[in-house]
Amino acid sequence: MAEGAAVVGTGAPVRKPVRRGRWVPYALLAPGLLWLVVFFVVPMITLGSQSLQEGNIDDGYVFTGNVSIYADAVQRYWPHLVRSIGYAATATVLALVLGYPLAYFMAQKAGRWKNILLILVIAPFFTSFLIRTLAWRNILSDDGPVVAFAQSTGFTSLLQAVGLTSNDTLLASKFAVICGLTYNFLPFMILPLYASLERLDPRLVEAAGDLYASPREAFRRVTWPLSLPGVVAGTLLTFIPAAGDFINSRLLGNTETVMIGQVIDSQFLRVLDYPLAAALSFILLTMIVVLVAFYVRKAGTEELV
Amino acid sequence: MGVLSWIRRHLLAFAALAVLALLLVPNVVVAVFSFNDPVGKFNYNWAKFSTDAWAHPCGSPGICESLGLSLRIGVTASLVATVLGTMVALALGRYQFRGRAATNLLIFVPMATPEVVMGSSLLTLFLMLGIPSGALAILIAHIMFCVSFVVVAVKARVATLDPRLEEAAADLGATPAQTFLRVTLPLAAPGIAAGALLAFSLSFDDYIITNFNASPSSITFPMFVWGAAQRGVPVQVNVIGTVVFLAALLFVIAGQVLSNRRQRAV
């Protein structure tokens with residue numbers, strides 16, 4: 001008892017995790033980690049192995065270690081790979097530009113409305129992703145008011161002039177796919193931004209003002225650098241799923257906007273060319289890992305400066 | 001002056017509300033078009049007000065079967081993922097052990113992998129093991145991608161708990177099992193509930209991974225919607241989308257009110 005009282009009475013928070021039986025943590029970890037190893041790690045190995053096999057679905061596959069499939073895959077589908085990365089990057093930048101003001105407002109200005117706004121930001125998720133993407137077909141419908149307005153203001157002509165659409169409407173275009181991607185992954189950008197902006201002490205921004213920084217300067221030198229962890233997390237959570245997505249390109253695009261996810265899906269499930277599909281899957285994963293590693297490193301060093 | 005400077009001063013609020021409106025417009029459109037009586041098979045243009053679909057939500061063949069399957073898979077997957085994920089989160093939050101960095105990596109990587117890669121890699125595993133496509137394969141896949149999200153949600157809660165509460169329980173003579181059931185679990189409950197909800201909604205909404213592991217006899221609700229999108233989405237899809245949206249919103253708001261009240265009581 002006395003010992004317990006002493007521990008409770010020490011005042012300073014005890015940071016060190018409690019140590020009970022040495023085997024307990026491993027017993028707690030085992031089922032979950034085993035599941036992830038068997039159904040996440042092992043499949044990556046079988047995916048790699050599948051890409052190096054030859055054969056067909058009827059006669060079965062044999063491992064031949066034929067790496068030329070990768071060169072073949074890149075040669076045939078590099079436009080889709082480049083397009084996927086391009087669309088995902090554009091949507092990520094747009095989501096950052098749109099999401100930052102809302103995240104900042106929720107975190108710093110919303111007061112007692114904060115929780116309600118937070119619920120409204122996640123509320124779109126309560127309706128299925130597919131149904132919401134289909135709703136954009138209603139919104140951007142050729143005979144709808146949005147298209148009529150865009151036509152009367154010359155917005156559709158502008159989009160056509162820069163090559164984002166191919167006719168006088170909005171659907172079935174690059175423009176619609178990028179908008180769909182931006183919309184669908186926007187909450188993934190807003191939530192991490194909100195989390196890091198909420199920790200920002202408003203007195204730091206006030207102090208910058210007191211030291212004669214203009215609002216713009218205070219944002220550039222105080223708010224933005226302090227929100228960088230949220231920016232990094234948000235851009236990753238937006239970019240990665242967007243790069244692999246094919247629902248937006250399929251429902252809102254045309255044959256010129258096919259993304260790599262759609263190719264992988266149809267090679268696996270319709271064309272049944274498993275080695276090629278597996279190779280494309282692996283290439284997509286590798287591209288994302290390389291880009292993300294490069295980006296995190298760069299963002300990390302900027303944070304230090 | 002006046003109006004212009006007022007707008008200037010509230011520019012941030014306007015921008016924020018405009019973005020929020022953008023986020024919510026599709027949900028409103030889904031609800032509005034659930035009352036449409038479309039001309040032809042595509043429900044894209046407004047024709048005429050009708051409550052037919054609301055009166056017969058199962059009126060489209062296969063729609064309620066697919067909804068039932070999605071609910072069953074969602075509940076099972078989120079239950080299993082919540083148990084597995086909570087155990088991992090407690091180990092990470094409460095114990096010191098070797099291999100912590102590797103564990104964190106294994107939890108993080110599935111969240112950072114495109115769904116199309118996870119779905120296709122699981123398909124290659126199931127092909128090699130001879131596990132047939134269908135509800136079991138879908139369930140295995142859903143548990144896999146839900147576990148990490150549960151770990152993150154529960155770990156965030158466990159990190160805010162004071163470990164001295166558990167020590168105090170032990171000092172007062174509670175066995176480890178009693179301490180766990182009467183102290184740790186109730187304190188971690190909000191995080192566990194959040195993780196379970198997140199897991200359910202991820203499972204209920206998944207199309208890309210499910211598509212790789214489904215068979216013609218295991219059509220989930222998102223797969224039904226996808227199939228319907230090619231030939232014309234029945235209005236019932238909008239009805240179900242709206243009902244799920246309102247039910248979830250009500251659920252979350254009730255939870256918020258409840259936790260506010262509890263906080264005030266403390």
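In this predicted model, 74 residues of chain B are in contact with 78 residues of chain A, contact meaning that C-beta atoms placed from the backbone lie within 7 Å. Local features need pLDDT of at least 70 and side-chain atom pairs pLDDT 80 or more, whereas totals for chains, interfaces and linings use all residues. Residues are numbered from 1 along each chain as its sequence is written, and chains are lettered from A in the order in which they are written.

**Side of chain B that touches chain A**
- Helix α2 (residues 11–32) of chain B gives the most to this side, with 14 residues; helices are DSSP runs (H or I) of at least four residues, numbered from the N terminus.
- This side of chain B comprises 53 nonpolar, 13 polar and 8 charged residues; Ala, Val, Leu, Ile, Met, Phe, Trp, Tyr, Cys and Pro count as nonpolar, Asp, Glu, Lys and Arg as charged, and the others, Gly among them, as polar.

**Helix α4 of chain B**
- Helix α4 (residues 63–94) of chain B has 32 residues and reaches 45 Å from first to last C-alpha, close to the expected 46 Å (1.5 Å times one less than the number of residues).
- In α4(B), 23 of the 32 residues are buried (20 or more other C-beta atoms within 10 Å of the residue's own).

**α2(A) with α5(B)**
- The axes of helix α2 (residues 24–51) of chain A and helix α5 (residues 100–111) of chain B come within 11 Å and cross at roughly 50 degrees; axes are lines fitted to C-alpha atoms over the stretch in contact, with angles from 0 to 180 degrees between N-to-C directions.
- A:Leu29, A:Leu33, A:Leu36 and A:Phe40 of α2(A) make the contact with B:Thr103, B:Leu106 and B:Pro110 of α5(B).

Notes: Two residues are in contact if their C-beta atoms, placed from the backbone, lie within 7 Å. Helices (H or I, at least four residues) and strands (E, at least two) are DSSP runs, numbered from the N terminus. A residue is buried if 20 or more other C-beta atoms lie within 10 Å of its own, exposed if 12 or fewer, and partly exposed in between; C-beta atoms are placed from the backbone.
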